[in-house]
Amino acid sequence: QVQLVESGGGLVQAGGSLRLSCAASGRTFSSYVMGWFRQAPGKEREFVAAISWSGDSTNYADSVKGRFTISRDNAKNTVLLQMNSLKPGDTAVYYCAATATYYGSDHRKYIYWGQGTQVTVSS
């Protein structure tokens, strides 16, 4: 069982940076694949990035490659999403998610979710 709480969202100008954090509780955290998703107004939830339990494998949406970096520190039960060169199109609610049975981009496969944190990028 995993409980997830996101933080670090806010308002930033285009070209700026934000670091999102996902604090996890639960003794099995290190066994889970972790992902970040986002949802903009009027749109479906969209995959952003995922990282394997070991951190050796990562997966990114093409729209964020080269700008976003996902990482995890299992000792601290924390997953990070470093977001650089932000664009107005990155504006969305960002969600941290976890799954024990899947590694990929399909949000339907992730079984634990945080409450979300708002990221707004102004031009």
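These are my notebook entries on a predicted model, by topic.

**Ground rules**

I number residues from 1 along each chain as its sequence is written. In this predicted model, local features need pLDDT of at least 70, side-chain atom pairs count only at pLDDT 80 or more, totals for chains, interfaces and linings use all residues, and side-chain values use heavy atoms, with hydrogens and water left out.

**Entry: the sheet with β1**

I looked up the strand order. Strands here are DSSP runs (E, at least two residues), numbered from the N terminus. I call two strands paired if DSSP finds at least two bridges between them. An open sheet of 4 strands runs β1-β3-β8-β7, with antiparallel pairing. β1 and β7 are at the edges with a single partner strand each, so one side of each has no neighbour in the sheet. On average, neighbouring strands of this sheet are turned by 15 degrees against each other, direction ignored. For that angle, axes are lines fitted to C-alpha atoms, and angles run from 0 to 180 degrees between N-to-C directions.

Next I took β1 itself, residues 3–7. Its antiparallel pairing with β3 (residues 18–25) covers 5 bridges. Leu-4 has Ala-24 of β3 as its bridge partner. Ser-7 is opposite Ser-21, also in β3. The covered face of β1 holds Leu-4 and Glu-6. Gln-3, Val-5 and Ser-7 are on the uncovered face. The general rule I keep in mind: side chains of a regular strand alternate between the two faces of the sheet.

**Entry: the disulfide**

I searched for cysteine sulfur atoms within 2.5 Å of each other, the cut-off for a disulfide. The count is 1. Cys-22 and Cys-96 form it, with their sulfur atoms 2.1 Å apart. Cys-22 is in strand β3 and Cys-96 in strand β9, so the link joins distant parts of the chain, 74 residues apart. The S-S torsion is about -80 degrees, so this disulfide is left-handed. Both Cys-22 and Cys-96 are buried. My burial scale is relative accessible area: buried is under 20%, exposed is over 50%, and partly exposed is in between (1.4 Å probe, protein chains only).

**Entry: the charged network**

A salt bridge here is a side-chain nitrogen of Lys or Arg within 4 Å of a carboxyl oxygen of Asp or Glu. By this rule I get 4 salt bridges. One of them joins Glu-46 and Arg-38 at 2.9 Å, N to O. Glu-46 is partly exposed at 35% relative accessibility. Arg-38 is buried at 5%.

Arg-38 also forms a salt bridge with Asp-90, the closest N and O atoms being 2.9 Å apart. Arg-38 belongs to strand β4 (residues 33–39), and Asp-90 to the loop between β8 (78–83) and β9 (92–99), 52 residues apart. Asp-90 is buried at 2%.

Asp-90 forms another salt bridge, with Arg-67, the closest N and O atoms being 2.8 Å apart. Arg-67 is in the loop between β6 (58–60) and β7 (68–73), so this pair ties together parts 23 residues apart in sequence. Arg-67 is buried too, at 9%. Through shared partners, Arg-38, Glu-46, Arg-67 and Asp-90 make one network.

**Entry: the core**

I define a nonpolar core as a set of buried Ala, Val, Leu, Ile, Met, Phe, Trp, Tyr and Cys residues joined through side-chain atoms within 4.5 Å. The largest one has 34 residues. Met-34, Trp-36, Leu-81, Met-83 and Tyr-94 have the most contacts inside it. β3, β4, β5 (46–51), β7, β8, β9 and β11 (117–122) each give two or more residues to this core.

I then listed contacts (heavy atoms within 4.5 Å). Residues up to four places away in sequence aside, Leu-81 touches residues including Leu-18, Leu-20, Trp-36, Val-48, Phe-68, Ile-70 and Tyr-94.

**Entry: Gln-39**

Gln-39 lies in strand β4. It is partly exposed at 27% relative accessible area. Its contacts, leaving aside neighbours within four places in sequence, are Glu-44, Arg-45, Ala-92, Val-93 and Tyr-95. I also checked Tyr-94, 55 residues from Gln-39 along the chain: their C-alpha atoms are separated by 6.6 Å.
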